[in-house]
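Dear colleague,

I am handing over the structure that we talked about, and below it you will find my notes on what turned up. Please read them with the model open beside you.

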Amino acid sequence: MSDLQSHNPSWQLHCPISIPDNGEVITLSHGEGGRLMRRLIHEHIISAFGTMPSDSQAVHQNDPLLLMDDAARLPAIDGEIALSTDSFVVSPLFFPGGDIGSLAVYGTVNDLAVSGARPLYLTLSLIIEEGFPIALLDHVLKSVSTAARHTAVQIVAGDTKVVPRHAVDGLFINTAGVGQLVDPIAPGANALCEGDELIVTGPIGQHGIAVLCAREELALEPPPQSDCAPLTRAISVLRERMGMRIRAMRDATRGGVAAVLHEWAGASKQTLTINQCDIPVSPEVRGACELLGLDPLHVANEGTMVVAVEPGHADCAVEILRSLPEFVHATHIGSVTKKGISPVTIARTLGPEQPLDDPLGAPLPRIC
Ligand code: MG
């Protein structure tokens, strides 16, 4: 086995392409600002997001990445803007249903979208470990490009750093996103009122369990698939059809649905109550959680959100979501109730209503 393979097998674990032993790898010189770095940027990074122009005079100012200036110059945005940033350190880099590239785009795009913004621009910063195969980097960049096209966001600026072996685990990515706030903007968790209804947009815990099974090589059949996907379409359809009836939206990432409910309970000073039998969980995730002693409510999602709507509008919201093929499992899971002793309660299948734990930390590290 080569040094490259023995150093960090997770680079290749579950990778959808096979990497030749003698393939080109990233060296420290690729991050040093010289010819090698320029070649890496032009031939691998810029080429993933658009063709280099032959004459820089011909570049329109809407192609800020191609200008290669120190900062991207962007057209004025009408009204307020939203800005979000997130870093991605998922292990392994490839998992059923996605990879670090798609995750880095959808993670930031979803944060903008649930905040009421139309995502417009992203920056992309790569921190690459010396020895990382360039073929794998190309694969990740292609995922970034596909996800950006899918969500109509433009990659407008970026950065590349290379660090010595063992200083990072293969590849870390940071994305920052800019979006335009679009009316109507949901008032948010502070505005939750007694009687508001809670919806989840799909089966929960898919992402965390998919990553965990890939990392630990748990041979579950069928392998759990991550829900890593954009929420932009669901949000725009919901906003179009329900307008101000939407009280709050939040993507249920680290800490899962339970973390969102606890944050909302804290912000609104109400109690949020959910029914266990209504919560959509796939048989694979249910099985894996039982095996591992996890509660799917605490497991991360990357394309599933919790939505709160005004009293009496959950059925309408669920019907709208279910009209989209990706959200056919959207479900009304509970409601906001008068403040009780516990901030979040769950009516289990058997027995009385119980408090739902607020996750102390992530049960699964490095899932995003
Ligand atoms: Mg979020």
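In which helix does Leu 212 lie? Leu 212 belongs to helix 6, residues 206-216, where helices (H or I, at least four residues) and strands (E, at least two) are DSSP runs numbered from the N terminus. Before going on, please note that this is a predicted model, in which local features need pLDDT of at least 70 and side-chain atom pairs count only at pLDDT 80 or more, while totals for chains, interfaces and linings use all residues. Residues are numbered from 1 along each chain as its sequence is written, and side-chain values use heavy atoms, with hydrogens and water left out.

Leu 212 counts as buried because its relative accessibility is 11%; buried means under 20% relative accessible area, exposed over 50%, and partly exposed in between (1.4 Å probe, protein chains only). Leaving aside residues up to four places away in sequence, Leu 212 touches Leu 292, Leu 294 and Leu 364, contact being heavy atoms within 4.5 Å.

The magnesium ion is coordinated by Asp 111 (OD) and Asp 251 (OD), at 2.2 to 2.4 Å. Donors here are N, O and S atoms within 2.8 Å of the metal (3.2 Å for Na, K and Ca), and water is not among the atoms, so sites may look incomplete. The two residues come from distant parts of the chain, 140 residues apart, with Asp 111 in helix 4 (residues 100-114) and Asp 251 in strand 8 (residues 246-251). Asp 251 is buried, at 7% relative accessibility.

Turning to the sheet, 4 strands form an open sheet with mixed pairing, in the order 1-6-4-5; two strands pair if DSSP finds at least two bridges between them. Strand 1 (81-88) and strand 5 (154-163) each have a single partner strand, so one side of each is left without a neighbour in the sheet. Strand 1 is joined to strand 6 (residues 171-181) by 8 bridges, and the two run antiparallel; Phe 88, for instance, has Ile 173 in strand 6 as its bridge partner.

Finally, the structure holds 0 disulfides, a disulfide being a pair of cysteine sulfur atoms within 2.5 Å. Cys 213 is in none, and the nearest cysteine sulfur, that of Cys 289, is 9.1 Å away. Cys 213 is also buried, at 5% relative accessibility.
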